[in-house]
Each structure stands twice: as structure tokens, then as C-alpha cells.
Amino acid sequence: MNPLCSRCNRVVYPTEKVNCLDKYWHKGCFSCEVCKMTLNMNNYKGFDKKPYCNAHYPKTTFTSVADTPENLRLKQQSKMQSQVLYKEEFEKSKGKGFSVVADTPELQRIKKTQDQISNFSLPAVFQPPAASQNYHYEPEPVRQAAAAPPPSAGVMHTQLHTSTAAKRYRAVYDYSAADEDEVSFLDGDVIVDVQQIDEGWMYGRVERTGQQGMLPANYVEAI
């Protein structure tokens with residue numbers, strides 16, 4: 001059974017049938033609701049299951065709402081809820097690396113407090129590592145910049161800072177002579193005929209080798 005045309009309500013035969021907008025139309029009846037311009041499947045626009053041309057297609061408009069006391073109250077309530085949610089999200093996001101948010105008075109206060117706390121932080125005190133017990137320490141000999149060569153045996157007594165008798169010392173470190181007027185010795189060697197020249201240097205003879213000369217005072221100890 002052939003359907004009826006949605007425009008003229010007459011029978012639509014297959015040769016002139018247009019099936020669109022869930023309805024059947026004669027080709028000549030498929031026209032704009034306003035200007036009655038004949039349409040086709042390429043240039044029609046449907047609204048509320050009715051065909052329109054592009055010029056008369058209904059435009060959707062919105063109705064403005066007056067600011068009644070009730071609407072103002074709802075608007076204020078919505079704004080307060082948004083602020084509460086904003087603060088909750090901020091508290092959750094602290095320290096999690098989120099993107100920067102706007103500087104509200106509340107955020108500025110929190111930022112200032114955090115800066116004050118950071119200023120009270122003390123730097124870590126550096127503590128040098130403890131020296132190893134097996135470390136072999138050899139002190140640098142302390143020598144005067146312009147040390148004079150050892151005097152001859154005949155005039156030694158005129159240059160000594162002390163008139164006490166010569167003492168015996170034992171070497172506590174190895175020492176290699178740095179100048180011609182110095183004497184080399186090994187740890188444990190006995191130094192005899194020792195005379196004090198100044199606070200840093202002595203003059204003596206190594207008992208093992210028989211060599212004599214100046215030696216650093218902090219490399220030997222009295223025996």
C-alpha cells in the first residue's frame with residue numbers, strides 16, 4: 001500500500017516519492033515551510049521534522065532570566081561552593097607538582113608562611129671524615145728561610161742557644177737530606193752529639209752511618 005504525502009495528504013507513488021524526516025512527500029510537496037521553495041536532499045534543513053530552506057531555518061534563541069532575589073541567592077550560594085571546592089583542590093594538590101594557580105590572598109598568605117619557615121632552616125654542618133688509623137703521617141720539617149750552614153767544631157759553642165751537654169736522640173721518621181748541610185737517617189736511627197740550633201733544627205751525627213749535619217727537630221725524640 002502506498003503511503004500518504006505529509007504535505008497534501010494524498011497517495012505518493014514510488015516514482016515521485018521522497019522519503020525524508022521520517023515522512024513521505026511528493027517531490028513537488030517537499031518544500032520550505034515558510035517560503036514554499038521546492039527543496040531536495042542536498043539543500044534542505046530539518047527542524048522539528050519539517051523541511052526549511054537555509055534562509056528560513058529557525059534560529060535557536062535563549063530567554064534571559066531576570067535577577068530576582070531568589071536567583072541572586074542561588075548565584076551567591078553557587079559562588080561560595082566554588083570557592084570551597086577550590087580550597088579543597090588546592091589543599092589536595094600541595095606538594096604534588098601541579099601547574100601554577102592564580103595568586104589569591106589566601107595563596108599569598110600560605111606562600112609567605114612557607115618562605116618564613118624556609119628561612120629558619122639551618123645548613124648542614126660539614127664534618128670531615130675521621131682519619132684512618134693506619135695512615136702513616138710524616139710531618140714537614142720546619143726550617144728557617146735562611147738557615148746558616150753548620151759552624152765548625154771549634155766555634156760551635158759561640159752559636160748555640162743552650163749550654164747544656166750534648167744529648168742522644170732517636171729518629172721517629174725517615175728523613176732525606178734536602179741540602180748539603182743536612183744529614184739523612186732512617187726511622188729508629190740513633191742521633192748522637194746533638195746540639196740545639198733553634199726551635200726547628202738541631203745538629204748531630206747519625207751513629208749508624210757516622211754522617212753529621214743539620215736535622216729537623218720534629219723528626220727525632222730524646223732518649
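These legends describe close-up views of a predicted model.

**View 1. Overall layout of the protein chain.**
The secondary structure of the protein chain amounts to 3 helices and 9 strands. Read from the N terminus, the elements follow the order β-β-β-β-α-α-α-β-β-β-β-β. Of the 223 residues in the protein chain, 22% count as buried.

**View 2**
Strand β1 covers residues 17–20 and strand β2 covers residues 23–26. The two pair in the antiparallel sense, with 4 bridges between them. Cys20 stands opposite Lys23, a residue of β2. In this hairpin 2 residues lie between the strands, and Leu21 has a positive phi near 55°. Most residues other than glycine have a negative phi.

**View 2. A salt bridge between two loops, Lys49 to Asp22.**
The side chains of Lys49 and Asp22 form a salt bridge, with an N to O distance of 3.7 Å. This pair links distant parts of the chain, 27 residues apart: Lys49 belongs to the loop between β3 (45–47) and β4 (50–52), and Asp22 to the loop between β1 and β2.

Lys36 lies in the loop between β2 and β3. Its phi is near 65°, a positive value in a residue other than glycine. Asp48 is found in the loop between β3 and β4. The phi of Asp48 is also positive, near 55°, and Asp48 is not a glycine. With a relative accessibility of 61%, Asp48 counts as exposed.

Which residues make the nonpolar surface patch of about 270 Å²? The patch is made by Leu4, Val11 and Tyr13. Val11 sits in the segment before β1. Val11 counts as partly exposed because its relative accessibility is 34%, and the partly exposed class lies between the buried limit of 20% and the exposed limit of 50%.

**View 3. The open sheet of five strands.**
An open sheet is formed by 5 strands in the order β8-β7-β6-β5-β9, with antiparallel pairing. Strands β8 and β9 (220–222) stand at the edges; each has a single partner strand, so one side of each has no neighbour in the sheet. On average, neighbouring strands of this sheet are turned by 45° against each other, direction ignored. Strands of a sheet pair through backbone hydrogen bonds. Within this sheet, β7 and β8 pair in the antiparallel sense over 5 bridges. Gly204 has Gly213, in β8, as its bridge partner.

**View 4. A salt bridge between neighbouring strands, Asp193 to Arg205.**
Asp193 and Arg205 form a salt bridge in which the closest N and O atoms are 3.3 Å apart. Asp193 lies in strand β6 and Arg205 in strand β7, so the pair ties together parts that are 12 residues apart in sequence. In the order of the sheet, β7 stands next to β6. Asp193 is partly exposed at 44% relative accessibility. Arg205 is likewise partly exposed, at 27%.

A salt bridge joins the side chains of Arg208 and Asp189, at 2.8 Å from N to O. Arg208 is in the loop between β7 (201–206) and β8 (212–216), and Asp189 is in the loop between β5 (167–171) and β6 (190–196). The pair links distant parts of the chain, 19 residues apart. Buried or exposed: which word applies to Arg208 and which to Asp189? Arg208 counts as exposed at 52% relative accessibility. Asp189 counts as buried because its relative accessibility is 8%, and buried means under 20%.

**View 5. The largest nonpolar core.**
The largest nonpolar core has 17 residues. Tyr169, Phe185, Ile191, Met202, Leu215 and Val220 touch the most other members. Strands β5, β6, β7 and β8 each give two or more residues to this core. The largest share, 4 residues, comes from β7.

Methods. Residues numbered from 1 in each chain as written. Predicted model: local features only at pLDDT ≥ 70, side-chain atom pairs only at ≥ 80, totals over all residues. Heavy atoms only, no water. Pairing = 2+ DSSP bridges. Patch = residues over 30% accessible without salt bridge, like charges linked within 9 Å, V, L, I, M, F, W, Y side chains within 5 Å. Areas by Shrake-Rupley, 256 points an atom, 1.4 Å probe, with all protein chains shown as cover. Salt bridge = Lys/Arg side-chain N within 4 Å of Asp/Glu carboxyl O. Buried < 20%, exposed > 50% of the residue type's maximum accessible area, 1.4 Å probe, protein only. Axes fitted to C-alpha atoms, helices over the stretch in contact; angles between N-to-C directions. Core = buried A, V, L, I, M, F, W, Y, C linked by side-chain atoms within 4.5 Å.
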